[in-house]
Amino acid sequence: MNIHSFLADDDQQSKQYKYVLNTTNKVPDRRKSDYSKSIFEDSYLRSFALKLAQQGDYTEAIALLSQLICRNPHNAVDYNNRGLIYFQSGERQKALYDYNTALKLNPCLASAYNNRANYYAACRELAAALDDYDQAIDLNPRHVRAWINRGITWRDLGQYEEAIENFEVALLFGQLEGHIWAERGRTYHLWGDWNCALADYRRALTQLPSLDNSKDITGCRLCLQLENWLNELLLNQRPNW
């Protein structure tokens with residue numbers, strides 16, 4: 001189970017905002033007011049699209065992002081964001097088109113490589129997925145989601161040692177620990193090290209949201225999966241009388 005962001009990574013959004021501020025400061029005074037208004041309107045639309053996507057209203061979220069793309073046809077982040085929502089809504093080919101467009105516009109957009117890799121992983125094109133995760137990590141060595149996703153992909157290939165190494169690097173950054181422990185625990189589980197698996201599953205349960213926390217859909221989904229893995233492990237450990 002790969003981890004997918006709904007929108008661009010926070011660091012990408014931050015870079016974009018800083019760029020906007022720097023660019024705004026260079027605009028002549030007579031144009032600053034209209035330009036700033038347009039920038040903040042676009043920012044509001046992106047935020048509202050995220051909210052709609054989180055609520056499952058993919059059609060309206062895509063419509064808003066399409067409107068942004070019409071306004072700013074060279075903004076790679078908007079294509080990447082729309083691709084994410086297409087992917088979440090099951091329109092994978094449209095997602096791939098948007099990821100490819102985003103990367104043509106900005107070949108250094110690490111989050112787009114990670115998201116396109118998630119597409120390839122979902123299609124079981126694991127070699128292509130690994131290539132894109134590698135690109136994401138080369139561009140941004142602190143891209144935690146790419147480290148986690150690459151670990152999951154190595155696990156799907158049965159390369160458990162490589163998977164564990166990726167999860168351990170991901171833990172160094174102090175983010176998404178619950179997700180990492182859950183996925184590392186699953187890797188130990190499949191590898192046959194049930195003691196390490198149990199320890200990681202229990203650690204993960206202390207970090208992941210409760211199942212009634214609808215604000216973190218990805219975390220809740222993983223928590224449910226984790227409980228199934230834990231039950232499977234405990235069932236296998238019971239003696240047969």
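## Aromatic pairs, helices and cores

Tyrosine 119 and tyrosine 120 are both buried. In this predicted model, the structure holds four aromatic pairs, and these two tyrosines form an edge-to-face pair, because their ring centres lie 5.4 Å apart and their planes stand at 65 degrees, where an angle over 60 degrees is required for that class. A tilted pair is formed by tyrosine 160 and tryptophan 191, with 6.2 Å from centre to centre and 40 degrees between the planes. Tryptophan 191 itself counts as partly exposed, because its relative accessibility is 44%.

The two pairs are set side by side below.

| Pair | Centre distance | Plane angle | Class |
|---|---|---|---|
| Tyrosine 119 – tyrosine 120 | 5.4 Å | 65 degrees | edge-to-face |
| Tyrosine 160 – tryptophan 191 | 6.2 Å | 40 degrees | tilted |

On the level of the whole chain, there are twelve helices and zero strands. Of its 241 residues, 46% count as buried, and the accessible surface comes to about 12,700 Å², of which 49% belongs to carbon and sulfur atoms. Among contacts between residues at least 6 apart in sequence, 52% join residues at least 24 apart.

The buried residues of α5 are Ala95, Leu96, Asp98, Tyr99, Thr101, Ala102 and Leu103, and they pack against α4 and against α6 (110–122). An α-helix has 3.6 residues a turn, so residues three or four places apart point the same way.

How many residues make up the largest nonpolar core, and which of them touch the most other members? This core has 23 residues, and Ala61, Ile85, Tyr99, Tyr119 and Ala129 are the ones that touch the most other members. Two or more residues each are given to it by α2 (29–54), α3, α4, α5, α6 and α7 (126–139), and α3 gives the most, with five residues. A second, separate core has 21 residues, including Ile69, Val77, Tyr79 and Phe173.

Asparagine 75 lies in the loop between α3 (58–71) and α4 (76–88), and asparagine 75 counts as buried because its relative accessibility is 14%, below the 20% limit. A polar atom of the asparagine 75 side chain lies 3.0 Å from the backbone nitrogen of valine 77.

The other two loop residues concern the backbone. Most residues other than glycine have a negative phi. Arginine 124, in the loop between α6 and α7, has a positive phi near 65 degrees, and arginine 124 is exposed, with a relative accessible area of 52%. Leucine 176, in the loop between α9 and α10, likewise has a positive phi, near 55 degrees, but leucine 176 is partly exposed, because its relative accessible area is 26%.

Methods
Residues are numbered from 1 along each chain as its sequence is written. This is a predicted model: local features need pLDDT of at least 70, side-chain atom pairs count only at pLDDT 80 or more; totals for chains, interfaces and linings use all residues. Side-chain values use heavy atoms; hydrogens and water are left out. Helices (H or I, at least four residues) and strands (E, at least two) are DSSP runs, numbered from the N terminus. Buried means under 20% relative accessible area, exposed over 50%, partly exposed in between (1.4 Å probe, protein chains only). A polar contact is a pair of N or O atoms within 3.5 Å; within protein, one must be able to donate a hydrogen and the other to accept it, and residues adjacent in sequence count only if both atoms are side-chain atoms. Rings of Phe, Tyr and Trp (its six-membered ring) pair if their centres lie within 6.5 Å; planes under 30 degrees apart count as stacked, over 60 as edge-to-face and the rest as tilted. Contact means heavy atoms within 4.5 Å. A nonpolar core is a set of buried Ala, Val, Leu, Ile, Met, Phe, Trp, Tyr and Cys residues joined through side-chain atoms within 4.5 Å. Accessible areas come from the Shrake-Rupley method with a 1.4 Å probe; for residues, only the protein chains shown count as cover.
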